[in-house]
Amino acid sequence: MEPILSIQNISKSYGPIQALKDVSIDVPEGSVFGILGPNGSGKTTMLGIILDVLIAKSGSYKWFGGMPNDAARRQIGSLLETPNFYHYLSAFNNLEITAAISKRGKDDRIRVLKQVGLFDRMNSRFQTYSLGMKQRLAIGAALLGSPKVLVLDEPTNGLDPAGIAEIRELIRKLNKEGLTIIIASHLLDEIEKVCTHVAILKKGNLLLNGPVNEVLLSEDQIEVRAEDAVALQQVLQAMSGIKKINVADNTVQLTCEPTITPVQVNEFCISKGIVLSHLLLKKKSLETKFMELTNDK
Ligand code: ATP
């Protein structure tokens, strides 16, 4: 299937700062696609480019398989910054103003308010809303005109835990209803919880890209010891499925393919005449992996 958005070799500089370096990403239709990276990695710049707010130095992108035109742009709802809603106006009246500014969807307000779960409170003043409700209204404003894609920059920033939960729930619901959603976030937790796909950026470089369950696969380690650490290390070098061997303080640390279990390691060592005195599976958290990927070394 044709990707809903195809980004090809995009680079962008601000004077001497190279914000994006030859980044290519395909966003599959129906996905919740996370652009993940620490502050300054180029996420907002990338969203700005695909939304025509910024111009890339080189590279190109296609929406819905073609060059971006007005019809395609109408299919894209976006929320880069929280709109300035009027505190004393209701959600319904605020959306009238938003619709006038964006020139789309004035007659769409009831549908949108239902979609973001604010129909029952649409006549309440904005200032009476919780943080989560305010952000849901902002997402509602981006949904006016019934776009096929929603682009959100850090959608849970500044929210309390209840607000964060509400927004994540809404994102999942909108995706189930058929929207493709692109989210920029510096929170691994957010990407892991709501996204189906992820692209990881660091200082403008694309590090990894693909389905969340492949890219963010946690890499466990198996730790082993035996009386003769040197012999143990030599034996394990011949075992298939082991990606890396580290030795520290007579302990051999193995980074393995996901299919390798501690039992298999034990059986292999026994078959080679080595009895293990220590065997431990060390779970590496995704957080650790993400930090290793994105930290400066
Ligand atoms: P954040 O989450 O902090 O917004 P980000 O991942 O969205 O980070 P960008 O905002 O795209 O990253 O910034 C990428 C790099 O480009 C950073 O080094 C940033 O300082 C720089 N940058 C962004 N906008 C400008 C600008 N208008 N002028 C100069 N440098 C900029």
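**Patch and ligand shell: how the labels come about**

Colleague: What makes the nonpolar surface patch in this predicted model?

Modeller: Tyr86, Tyr88, Ile97 and Ile101 make it, with an area of about 430 Å².

Colleague: Where does tyrosine 86 sit, in terms of strand E5 and helix H3?

Modeller: Tyrosine 86 is in the loop between strand E5 (76–79) and helix H3 (91–102).

Colleague: And why is tyrosine 86 called partly exposed?

Modeller: Its relative accessibility is 38%. Buried means under 20% and exposed means over 50%, so with 38% tyrosine 86 counts as partly exposed.

Colleague: What about asparagine 39 and glycine 40?

Modeller: For asparagine 39, an N or O atom in the side chain lies 3.3 Å from a ligand oxygen. Glycine 40 uses a polar backbone atom, at 2.7 Å from an oxygen of the ligand.

Colleague: How much of the ligand's accessible area does the protein cover?

Modeller: The protein covers 58% of the 620 Å² that the ligand has on its own.

Colleague: Which element gives the most to the shell around the ligand?

Modeller: That's H1, with three residues. Strand E2 (17–27) and helix H1 (43–50) each supply at least two.

Colleague: How do the shell residues divide by type?

Modeller: Four nonpolar, six polar and two charged.

Terms used. Residues numbered from 1 in each chain as written. Predicted model: local features only at pLDDT ≥ 70, side-chain atom pairs only at ≥ 80, totals over all residues. Heavy atoms only, no water. Polar contact = N/O pair within 3.5 Å; in protein donor to acceptor, adjacent residues only side chain to side chain. Areas by Shrake-Rupley, 256 points an atom, 1.4 Å probe, with all protein chains shown as cover. Helix = DSSP H or I, 4+ residues; strand = E, 2+ residues; numbered from the N terminus. Nonpolar A, V, L, I, M, F, W, Y, C, P; charged D, E, K, R; others polar. Patch = residues over 30% accessible without salt bridge, like charges linked within 9 Å, V, L, I, M, F, W, Y side chains within 5 Å. Salt bridge = Lys/Arg side-chain N within 4 Å of Asp/Glu carboxyl O. Buried < 20%, exposed > 50% of the residue type's maximum accessible area, 1.4 Å probe, protein only.
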